[in-house]
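Please read the following briefing alongside the sequence and the coordinates.

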Amino acid sequence: MFKGLFQKKKVNTAKPEIVMDLSNLDLNNIPQHVAIIMDGNGRWAKAQGKIRTYGHQAGAETLKTIVRAADKLGIKVISAYAFSTENWKRPVTEVNFLMELLSRYLTNEIVEFKENNVQVRFIGSREGLPAKVQEKMDHAIAETKDNTGIILNLAINYGGQAEILHAVQTVAAEVAAGRLQVEDIDKQVVEDALYTRGLPPPDLLIRPGGDLRISNFLLWQIAYAEIWITDVFWPDFTPEHLVDAILAYQGRERRFGGLISK
Ligand code: IPE
Ligand code: IPE
Ligand code: MG
């Protein structure tokens, strides 16, 4: 139903070459897990006199490029914030477009995921997501579950507060059923009840679009993530910006509350 809104497929479908200057990077200190708040699509589109959805479509292309770049750099996990639990507040036409875009992205990228050994995972609630999107999600999981390369962890209908609430309910149900004692609830029990179970916490959080906030992303997990914010809008974000973020990360001293990092 959104066919008219989607931009025509480009004739040249060749993937853009990944251009990165790695000369100043310490390849032994690459963040394992990078979380990205993919923000600024609407403003990017508006700046060129286009409708917001045009920006979302461009943003999906950026994600494809950045996953390839991250893989080249040796990053193990990319968590990408695609749709928040609060984004339902947007006009229904924009929400529907985003759902259609997700569905198309998951369909079209399967070949790429397979070729590049990408394992796709999802964090967030399935509640309220169109059946078609859920089917594509299940299909992407099934098709990539044995891949051993980079993990693309997509946050869809995700909110950090909703995730913690869900974890509290899960743990409380275990206690109510007599399978868990209150005094046995520790950090590990909580982490095992989060959507990110089994993943290391993000080392680096990137927010394009310039806003100095977290917007309910990975609240528990980013406790000690290094934060890098740029005014560049997500559709304009390039592998070079990813390198810039990692260079900044490598210049930081991570103390985790202690006094020395080395
Ligand atoms: C991020 O871009 C994408 C989603 C939230 C789905 P926005 O749509 O928030 O773009 P801006 O922040 O309005 O420019
Ligand atoms: C965060 O961006 C959510 C995603 C990128 C999916 P928002 O645009 O929704 O965040 P706010 O409203 O500016 O905090
Ligand atoms: Mg935004």
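The points below concern a predicted model and are grouped by topic.

**Architecture and overall form**

- The chain contains eight helices and six strands, and read from the N terminus these elements follow the order β-α-α-β-α-α-β-α-β-α-α-β-β-α.
- With a radius of gyration of 19 Å, against the 18 Å given by the globule rule for 262 residues, the chain is as compact as a globular protein of that length, because the two values are close.
- The C-alpha trace extends over about 60 × 45 × 35 Å when it is taken along its principal axes.

**Burial, contacts and surface**

- Buried residues make up 45% of the 262 residues of the chain.
- Carbon and sulfur atoms contribute 53% of an accessible surface of about 14,000 Å².
- The chain carries 31 positive and 32 negative side chains, and 7 Å separates the centres of these two sets.

**Helix H3**

- Helix H3 covers residues 92-108, and its end C-alpha atoms are 24 Å apart, in agreement with the 24 Å that 17 residues should span at 1.5 Å a residue.
- The buried residues of H3 include Val-95, Phe-97, Leu-98, Met-99, Leu-101, Leu-102, Tyr-105 and Leu-106, and also Glu-94, Glu-100 and Ser-103.

Note on methods: Residues numbered from 1 in each chain as written. Chains lettered and ligands numbered in written order. Predicted model: local features only at pLDDT ≥ 70, side-chain atom pairs only at ≥ 80, totals over all residues. Heavy atoms only, no water. Helix = DSSP H or I, 4+ residues; strand = E, 2+ residues; numbered from the N terminus. Rg over C-alpha atoms; globule rule 2.2 N^0.38 Å. Buried < 20%, exposed > 50% of the residue type's maximum accessible area, 1.4 Å probe, protein only. Areas by Shrake-Rupley, 256 points an atom, 1.4 Å probe, with all protein chains shown as cover. Lys, Arg positive; Asp, Glu negative; His and termini not counted. Charge placed at Lys NZ, Arg CZ, Asp CG, Glu CD. Expected span 1.5 Å × (residues − 1).
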